[in-house]
Amino acid sequence: MIKTDALIIGAGPTGLFTAHQLKLIGLDCEIVDNLDKIGGQCIELYPDKPIYDIPAIPECTGEELTNNLLKQLKPFNIKFHLGERVDELKKDNEKWKVKTSKGTEFETPNVIIAGGVGSFEPRKFSPKECEQFENKTILYSIKDKKIFDGKTVSIFGGGDSALDWALELSKTSKINLIHRRDEFRAAQATVDKVKELSNAGKINLITNSQLKTVSGNGKLEEIEIENDNKETKRLKTDFALGFFGLIMQLGPIANWGLNLNKKTVEVDTEKFETNQKGIYAVGDICNYPGKLKLILSGFHEGALAARACFKLARPNEKYRFEFTTSSKTIKNRLGVKSD
Amino acid sequence: MAKITYIENNGTSHTVDVAEGLTVMEGAVQNNIPGIDADCGGGMACATCHVYVKDEWFDKINKKSEGEDDMIDQAYEPKKSSRLSCQIQVSPEIDGLEVHLPGKQI
């Protein structure tokens with residue numbers, strides 16, 4: 001059981017700056033994120049796209065913004081729990097008990113949800129019959145490529161993940177690569193290589209087709225695909241892999257008794273607190289009259305939520321507002337020399 | 001102004017007036033039409049405003065944007081008739097447009 005003053009859910013820009021604000025006022029915090037990397041949407045959706053509306057930064061990419069926020073956090077030793085989704089949140093006396101998908105448990109008076117539009121999950125195959133094979137012979141990510149040695153693997157998708165894995169696994173497995181159209185969104189060199197292997201008969205490339213159904217006794221045995229002219233074809237296969245990108249789902253947050261408005265959480269604009277005491281929502285996931293889904297709004301919301309956390313984490317102390325330019329205490333926390 | 005009809009997957013139909021200059025996605029969001037999520041707000045960074053446009057309208061609306069098909073690859077049950085409604089511009093020429101909504105967005 002990890003005890004902390006505040007737990008932040010989400011390691012996007014808002015979560016990172018909120019951590020900075022908490023540490024600055026002397027509170028400790030830890031951060032959980034379902035992705036295996038720091039940066040949230042900035043890194044997952046648009047690492048290379050320039051952002052033009054961060055105050056005092058005329059232009060930066062999602063990746064640069066994330067790196068700069070991490071640099072700003074450097075004086076503080078913040079513990080990240082990546083690749084973990086917060087699944088449970090329960091009130092226990094005056095504290096919140098939090099449990100992640102990997103079983104990590106926290107006890108904290110404050111939980112700050114900085115979850116963007118929810119957690120990123122892989123887009124799954126739509127035929128219902130797929131469910132019985134999921135996580136066994138129908139997969140959306142690869143942990144151990146050895147399981148495919150000598151097997152037939154049907155890969156669906158047209159992006160880098162689908163094509164990179166088709167190339168990699170074609171060395172040791174029989175590959176069907178199936179995509180819904182004949183254009184790919186992967187790097188050109190990868191696409192060229194796939195076409196080369198297809199021409200050489202080393203990858204069975206099927207375009208303008210999609211999965212219609214699957215069948216098998218206990219394990220996947222056959223897939224049926226359908227092309228744009230509604231013609232179907234059956235293929236024997238040991239595995240089916242789907243790489244259709246990530247979708248964002250509110251996930252377990254929807255079960256925590258919070259006031260929701262579509263996929264956002266209602267908060268007040270003083271503490272950014274939800275209808276549950278000690279649970280705050282900041283950044284894209286929060287909602288209040290006039291809410292703007294801008295990164296700068298997330299920074300403001302995080303700064304205020306951090307101050308609200310102080311009251312619950314240090315009930316016997318009084319929070320005193322200080323500037324970073326002049327406060328000795330803050331400079332000590334930052335590890336910089338005071339004048 | 002153009003009349004746009006949004007037909008949910010269960011057959012429920014909603015016809016609304018949408019102002020010129022908006023997108024078909026914005027028309028849905030402003031009129032609280034269920035079935036269009038538009039998570040990214042029109043930035044073509046998600047595929048949750050996905051609609052199907054039948055042949056008779058497909059060629060009358062503006063063409064797909066660059067990269068639109070890349071996002072449609074990631075949509076729920078994409079078809080040949082798939083479009084992202086945030087990329088369909090509303091103009092008087094598309095008065096009467098019908099779009100069909102998929103079984104779900106996410």
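These are my notebook entries on a predicted model with chains A and B.

**Ground rules.** I number residues from 1 along each chain as its sequence is written, and chains are lettered from A and ligands numbered from 1 in the order in which they are written. Because the model is predicted, I note that local features need pLDDT of at least 70 and side-chain atom pairs count only at pLDDT 80 or more, while totals for chains, interfaces and linings use all residues.

**Chain A overall.** I looked up the secondary structure and found 7 helices and 24 strands in chain A. Both are DSSP runs numbered from the N terminus: helices are H or I with at least four residues, strands are E with at least two. The C-alpha trace of chain A spans about 70 × 45 × 40 Å along its principal axes. Of its 339 residues, 39% count as buried (20 or more other C-beta atoms within 10 Å of the residue's own, with C-beta atoms placed from the backbone). I also checked contacts (C-beta atoms, placed from the backbone, within 7 Å). Among those in chain A between residues at least 6 apart in sequence, 58% join residues at least 24 apart.

**α1 and α3.** I took helix α1 (residues 13–24) of chain A against helix α3 (residues 62–72) of chain A; their axes come within 9 Å and cross at roughly 15 degrees. That makes α1(A) roughly parallel to α3(A) (the class for angles under 35 degrees). The crossing is left-handed. Leu16(A) and Phe17(A) are among the α1(A) residues that meet α3(A), where the partners include Leu65(A) and Leu69(A).

**α4 and α5.** Next I looked at helix α4 (residues 160–169) and helix α5 (residues 188–199), both of chain A; they pack at about 45 degrees, with axes 10 Å apart. That makes α4(A) oblique to α5(A). The crossing of α4(A) and α5(A) is left-handed too. Asp160(A) and Leu163(A) are among the α4(A) residues here, and Lys193(A) is one of those from α5(A). This contact has 5 nonpolar, 1 polar and 3 charged residues.

I traced an open sheet of 3 strands in chain A, order β21-β22-β24, with mixed pairing. β21 (260–261) and β24 (286–287) stand at the edges with a single partner strand each, so one side of each has no neighbour in the sheet. β21(A) pairs with β22 (residues 264–266) of chain A in the antiparallel sense over 2 bridges (pairing needs at least two DSSP bridges). Asn261(A) stands opposite Thr264(A) in β22(A).

**Between chains.** The contact takes 13 residues from chain B and 18 residues from chain A. The chain B side divides into 5 nonpolar, 2 polar and 6 charged.

Notes
Axes are lines fitted to C-alpha atoms, for helices over the stretch in contact, and angles run from 0 to 180 degrees between N-to-C directions. Angles under 35 degrees count as roughly parallel, over 145 as roughly antiparallel, 65 to 115 as roughly perpendicular and the rest as oblique. A crossing is left-handed if the near helix is turned anticlockwise from the far one by less than a right angle, and right-handed if clockwise. Two residues are in contact if their C-beta atoms, placed from the backbone, lie within 7 Å. Ala, Val, Leu, Ile, Met, Phe, Trp, Tyr, Cys and Pro count as nonpolar, Asp, Glu, Lys and Arg as charged, and the others, Gly among them, as polar. A residue is buried if 20 or more other C-beta atoms lie within 10 Å of its own, exposed if 12 or fewer, and partly exposed in between; C-beta atoms are placed from the backbone.
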